[in-house]
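Subject: Handover of a structure and the findings on it

Dear colleague,

Please find below the structure that I am handing over to you.

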Amino acid sequence: MTATSMIEAAGRALADSRRLLVLSGAGLSAESGIPTFREAQTGLWAKFSPQDLATPEAFAANPERVWAWYRWRRSLIARGGVNPGHRAIAALERHLDVVIATQNVDGLQSAAGSHDVSELHGNIWIDRCSACDAEHRQPVAEADDDAELPYCDACGARMRPGVVWFGEMLPVNALERAQAELERCDCVLVVGTSNQVYPAAALVEMAVAGPATVIEVNPQATSVSAAVDAHIAETASKALPALVDRLDGLGAAR
Ligand code: APR
């Protein structure tokens, strides 16, 4: 089936649904100019090793390099901002109850106006104390690469980015919220994730194994593309606004 016919089928499925869980990944923010993590040649990890940047050990060994990378990413996010895919997901709230569980740390889905966002991997705009967990939310702005590294006002230890690093536990409330929503929703929209990082990837697998209709938006096929109800092989910025247009056209009321 073509992407257009898949969008038609997905639009009808959404029009017949009342409660939607969105599971999103780096591909949703790719069109904001924020590199994804695993795409060959372009993905961030193609240039860096995760072990060099996104682990507690990397931070302990070289906090300057880790902060430089996160400051670079903060600047990309501040410059790129919300894209039509983020806005379309926020617009779905006109038609359905929408809960979002995102692997993205960029804060762009909330910035687009979505009201119920669980950040499974934390938030890049939060500094967190490496010792006492005190948090300080930074304004969304291009980072000052020359600024001194931050220390905790409360205990004096180094502050770290408020994101989940490899080997660390996810925020329990975010994961439990997503798992609970899998039990309640009647449709799941999987957008822009390679489904390679657990436990977030397990949420997608549980969705596919469950009773809800599952729609995947990804220009590439993934490990679940053959099992979902509709795989829209299109970018988020094209497919998601088209889905909202279909719902508007179908007059799907909440
Ligand atoms: N629209 C939709 N999907 C896209 C787009 C786009 N414009 N561009 C790329 N994609 C898809 C790619 O085909 C790929 O399947 O987005 C996916 C991105 O996959 P990853 O880079 O692995 O990102 P993600 O799945 O979010 O990674 C999960 O890994 O490194 C950790 O913490 C990091 O949260 C991240 C996690």
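The model is a predicted one, in which local features need pLDDT of at least 70 and side-chain atom pairs count only at pLDDT 80 or more, while totals for chains, interfaces and linings use all residues. Residues are numbered from 1 along each chain as its sequence is written, and side-chain values use heavy atoms, with hydrogens and water left out.

Strands

Helices and strands are DSSP runs numbered from the N terminus (H or I, at least four residues, for helices; E, at least two, for strands). Strands are said to pair if DSSP finds at least two bridges between them. A residue is called buried under 20% relative accessible area, exposed over 50% and partly exposed in between (1.4 Å probe, protein chains only).

Strand β1 comprises residues 19-24, and six of its six residues are buried. Six bridges link β1 to strand β2 (residues 97-102) in the parallel sense, and Asp 97 in β2 is the bridge partner of Arg 19. β1 is also joined to β7 by five bridges, again parallel; here Leu 21 stands opposite Val 188.

Strand β7 (residues 187-191) in turn runs parallel to β8, with five bridges between them. Within this pairing, Val 190 stands opposite Glu 216. From β7 the chain passes through helix α10 (residues 200-209) to β8, in a β-α-β crossover that is right-handed. That term applies if, with the strands pointing away from the viewer, the path from the first strand over the helix to the second runs clockwise.

Strand β8 covers residues 213-217, of which four of the five are buried. β8 is joined by three bridges to strand β9 (residues 230-232), and these two run parallel. Ile 215 has Ala 230 in β9 as its bridge partner.

Helix α6

The 18 residues of helix α6 (residues 63-80) should span 26 Å at 1.5 Å a residue, and the end C-alpha atoms are 25 Å apart, which agrees. The expected span is 1.5 Å times one less than the number of residues. Among the buried residues of α6 are Trp 67, Trp 69, Tyr 70, Arg 71, Arg 73 and Arg 74. The helix is followed by Gly 81, which has a positive phi near 70°.

The largest pocket

On a 1 Å grid over the protein atoms alone, a pocket is an open set of points with protein on both sides within 12 Å along at least five of seven lines, where a 1.4 Å probe fits; lining residues have an atom within 4 Å of a point. The largest pocket holds about 930 Å³ of space. Of its 47 lining residues, Gly 25, Ala 26, Phe 37, Arg 38 and Ser 194 are the closest to its centre. Helix α2 (26-30) and α6 each supply at least two residues of the lining, and the largest share, five residues, comes from α2. By type, the lining divides into 24 nonpolar, 17 polar and six charged residues.

Individual residues

A cis peptide bond joins Tyr 198 and Pro 199, with omega about 5°, and Pro 199 lies in the loop between β7 and α10. The loop between β7 and α10 also contains Asn 195, a residue other than glycine whose phi is positive, near 55°. Asn 195 counts as buried, at 6% relative accessibility.

Asp 133 is not a glycine either, yet has a positive phi of about 70°. Asp 133 is located in the loop between β4 (122-129) and β5 (135-137) and is exposed, with a relative accessible area of 52%.

Leu 108 belongs to helix α8 (residues 108-111) and is buried, at a relative accessible area of 5%. The C-alpha atoms of Leu 108 and Ala 78 are separated by 9.4 Å, and these residues are 30 apart along the chain. Arg 184, in helix α9 (residues 172-184), is exposed at 53% relative accessibility. Between the C-alpha atoms of Arg 184 and Val 140, 44 residues apart along the chain, the separation is 33 Å.

Yours sincerely

Key: Points joined across faces, edges and corners; volume = space filled by probe spheres on them. Nonpolar A, V, L, I, M, F, W, Y, C, P; charged D, E, K, R; others polar.
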